[in-house]
Amino acid sequence: MWIMFTVSSQSPGITPKLYNNTTFFPLVFGYMRLFNISYKHATALGAIPIIGSTFMYLYIIAKQVKSMATSALLPTFFSKSITIGNQSIPIIAYIVVCIAGFAANYFALYINIYRTSSRVASMAGCVVYLAMMYCYVQFASRYSHMERSFKNPFGLYSAIIGSVIFLAVLVILIGFHTEYRGVTILYFSYMAVMLLYYYVHVETNQKFSSMEQKVFFKAYILNCKCLFPCLFSLYFFL
């Protein structure tokens, strides 16, 4: 919110000059005034944090792809790594993530990079939050006997209100903003393929990776109601 306020409250404001395809970073005009530098130098300055963010997201997504592969959520081929020093680098995951990112970027550039990115992010956000509301209802009703460190004071009403809000936003995006219908079709086609892939393959083949087994085993032992008898038995077993 502060970035949006900072950008929009100074010249050139919310005008085509700010969001046209030649302006790569919205903070460029602020850098020009702050440091009294040219547009090119300000653009170079604005690119520095973007490069850092790019490497961070590449690292996170590649690690996620590798983790999903070791749990059989993705083909095991994606979990192949190379070892450099003490670091294990999921090289296949990095390659796949980069190729997918470039392909998505060129698709967005072909249509409209700003509208495409914001539209996909908005639709995906609505779908994610609707799924979270559904999961909350499921866990609250099916596992109501479990102890929780935090209890939602609004209960199921919050999930209902949240579902109505995000469902309304999703309907508005799909039904009233039809100028980029191809983006909507592509997104929901992708979601349909992923759902089909999950129910056909993943649901019957997913498993806990060795790392997940260790983590969940430790959590189970530490959170066990009969902690001391378990530790006592485990001591003699070892």
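Colleague: Where does pLDDT stay under 50?
Modeller: Over residues 225-238, for which the model has five contacts beyond four places in sequence. Here pLDDT is the predictor's confidence in each residue, from 0 to 100, and contact means heavy atoms within 4.5 Å. Where pLDDT is low, the predicted coordinates should not be read in detail.

Colleague: OK, what does the secondary structure come to?
Modeller: Ten helices and two strands, running α-α-α-α-β-β-α-α-α-α-α-α from the N terminus. Those are DSSP runs numbered from the N terminus: helices are H or I, at least four residues, and strands are E, at least two.

Colleague: How far does helix 4 reach?
Modeller: Helix 4 (residues 39-70) covers 47 Å from first C-alpha to last with its 32 residues, close to the 46 Å expected at 1.5 Å a residue. That expected span is 1.5 Å times one less than the number of residues. After helix 4 comes Ala 72, with a positive phi near 70 degrees.

Colleague: And which residues of helix 4 are buried?
Modeller: Ala 42, Thr 43, Gly 46, Ala 62, Val 65, Lys 66 and Ala 69. Buried means under 20% relative accessible area, with a 1.4 Å probe and protein chains only. Their cover includes helix 3 (28-35), strand 2 (87-89) and helix 5.

Colleague: Switching to helix 8, where does it bend?
Modeller: At Tyr 198, by about 45 degrees. The bend is the angle between axes fitted to the seven residues ending there and the seven starting there. Even so, helix 8 (residues 181-205) reaches 35 Å, close to the 36 Å expected.

Colleague: What do the buried residues of helix 8 pack against?
Modeller: Helix 5 (91-111), helix 6 (113-142) and helix 7 (156-175). The buried ones are Val 183, Thr 184, Tyr 187 and Val 202.

Colleague: How much of the protein chain is buried?
Modeller: Buried residues make up 17% of the 238.

Key. Residues numbered from 1 in each chain as written. Predicted model: local features only at pLDDT ≥ 70, side-chain atom pairs only at ≥ 80, totals over all residues. Heavy atoms only, no water. Buried < 20%, exposed > 50% of the residue type's maximum accessible area, 1.4 Å probe, protein only.
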